Amino acid sequence: MFPSITNNNNPLPNLPIPPSICSTEPGTWAYDTMSRRVDAEILQRTWDDNQHHWRQWSTEHIDVIKRFELLRNELQNAATTPLQHLEKPVITSSQREKEYQEWQQILEPYVSNKDTWLTAPWMVTEFLVYRKLMQAIGYWDPQSPGYQQDPFRAQKQAGLHSSIASAESVLAKLFYQTPEVFHEESLEAGLALATSIALWGNKMDLSLWPADKEHRNSDIFSKILDQASQNLLHDDTQVLRHHCQMLKERGGGQVDIIVDNAGFELVTDLALAHYLIESGIATTVTFQLKSHPTFVSDALEKDLLETLAYYEQLDAAEFPACHAAGQKWRHFLKEGQWKCHEDNFWAQPYAMWDMTEPLRSDLVQRCDLAFVKGDANYRRLLGDRIWDYTAPFQDVVGAYFPCPVCALRTLKAEIGCGMDAEQVNRAQELDDQWMVNGRFGVVHFGTGTHEREEHSKARNN
Ligand SMILES: O=P(O)(O)OC[C@@]1(O)O[C@H](CO)[C@@H](O)[C@@H]1O
């Protein structure tokens, strides 16, 4: 078995690497996703939202509808359709060439092995759906009417607009009802609240909970936050607090947020980033974002900028906390306290121990703490492999990650580590869907490889 698909010399987990999750077992979430859900729910909804444009777009140059239907057809026959390499795209930059070559390398073992959409690792096939969708609409082809067009735009906007009541309540709670949290020396209450908001924001994922206008006026999120502590299956908030305290005492560090979904979850990440700057934990927060639309709601830089623009123009009388936050966020961005970075790696199925360059070296040399948001990113932290649920997070992730890392994840896939056996038993007894319905969450902290300390020691000697 090959633990790595890039054959690099990156550090690996500290335990033997278990097999990958595939989508061959009926009754599992992976099987349901790849044999039904991506086609019948996700691509069907994408069709409903886009068919009007696509009918107009199909030109002699690119038949979007035909290519979209070919993809759907493959997925409708997922059990018998072997994976194929991607079509050679229009190469407009060295970045595009690199991305294409990386996909060739990712797919090669499964194409050679004649694996199908179900027998290849789930992580690879699920990311491939979205990569093929981008190719179908000509997302990178300047001649295509689909060039740089986000097929999930309507759903992302609905997510942003429909969650405004929840956002107003949560931003008021963090920034106005408890202003002392910013100045508190111990970081006790503020960090716990800000991370809890960002963690449970991950529950509101559009691919599972399609947004609609009906919810605009209801504050669903407060109820979720009220149940937060009883639904945590592992909580490293205290260890995280010690690390953040150290950063604050050093005058603030460079903190990254490896972002997951646009819409409400992104607002909760912006709230966390806001807290990190104002509390003095961070001098800079870098948002690590996807380089193309994927997994329906995953955020790109343009989604973050649209969110900010939407919040700052909200009526200050109706939504005072959202409006004020929007203005503050604009200031952070303008002053360089917030930065955005898109990278192909975040939209690819590599295990995180196969992180590509120059991203990995950047995290080693620059980043003092990376928050990793959401389920799909967490799956990649674990290489989407079947670890024992009780395997320590430090051995699985902390041992190889290029910098100190904190995962904030609600459970939406049958995978996990770092949980006490009693907590796993409790969740199993309470809910037979405990691994996939987003009801339960974890806060995990890992030290990372300490390469940065080693580099600076070597420099100083
Ligand atoms: O990353 P997120 O938004 O928290 O969750 C992504 C997700 O909805 O997609 C996959 C199934 O399609 C699972 O990893 C997970 O359930």
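The legends below describe several close-up views of a predicted model.

**View 1. Helix α10 and the glycine that follows.** Helix α10 covers residues 264-278, and its 15 residues reach 21 Å from the first C-alpha to the last, which is close to the 21 Å expected at 1.5 Å a residue. The helix is mostly covered, with 14 of its 15 residues counted as buried. Just after α10, Gly280 adopts a positive phi of about 90 degrees.

**View 2. The second largest cavity.** By residue class, the lining of the second largest cavity divides into six charged, three polar and two nonpolar residues.

**View 3. The largest nonpolar core.** The largest nonpolar core has 84 residues, and among these Leu381 and Phe401 touch the most other members. Helix α4 (residues 122-137) gives the most to this core, supplying ten residues. At least three residues of the core come from each of domain 1 (29-137) and domain 2 (152-459).

View 4. Leu314 is located in the loop between α11 and α12 (320-334). Because its relative accessible area is 7%, below the 20% limit, Leu314 counts as buried. Although Leu314 and Ile164 are 150 residues apart in sequence, their C-alpha atoms are 9.9 Å apart in space.

View 5. The peptide bond leading from Glu357 to Pro358 is cis, with omega near 5 degrees. Pro358 belongs to the loop between β4 (338-343) and α13 (359-366).

View 6. With a relative accessibility of 2%, Val296 is buried. His450, likewise not a glycine, has a positive phi of about 65 degrees and is placed in the loop between β7 (441-446) and α17 (451-460). His450 is partly exposed, its relative accessible area being 37%.

Methods: Residues are numbered from 1 along each chain as its sequence is written. This is a predicted model: local features need pLDDT of at least 70, side-chain atom pairs count only at pLDDT 80 or more; totals for chains, interfaces and linings use all residues. Side-chain values use heavy atoms; hydrogens and water are left out. Helices (H or I, at least four residues) and strands (E, at least two) are DSSP runs, numbered from the N terminus. The expected span of a helix is 1.5 Å times one less than its number of residues. Buried means under 20% relative accessible area, exposed over 50%, partly exposed in between (1.4 Å probe, protein chains only). Ala, Val, Leu, Ile, Met, Phe, Trp, Tyr, Cys and Pro count as nonpolar, Asp, Glu, Lys and Arg as charged, and the others, Gly among them, as polar. A nonpolar core is a set of buried Ala, Val, Leu, Ile, Met, Phe, Trp, Tyr and Cys residues joined through side-chain atoms within 4.5 Å. Domain bounds come from an automatic or database domain assignment.
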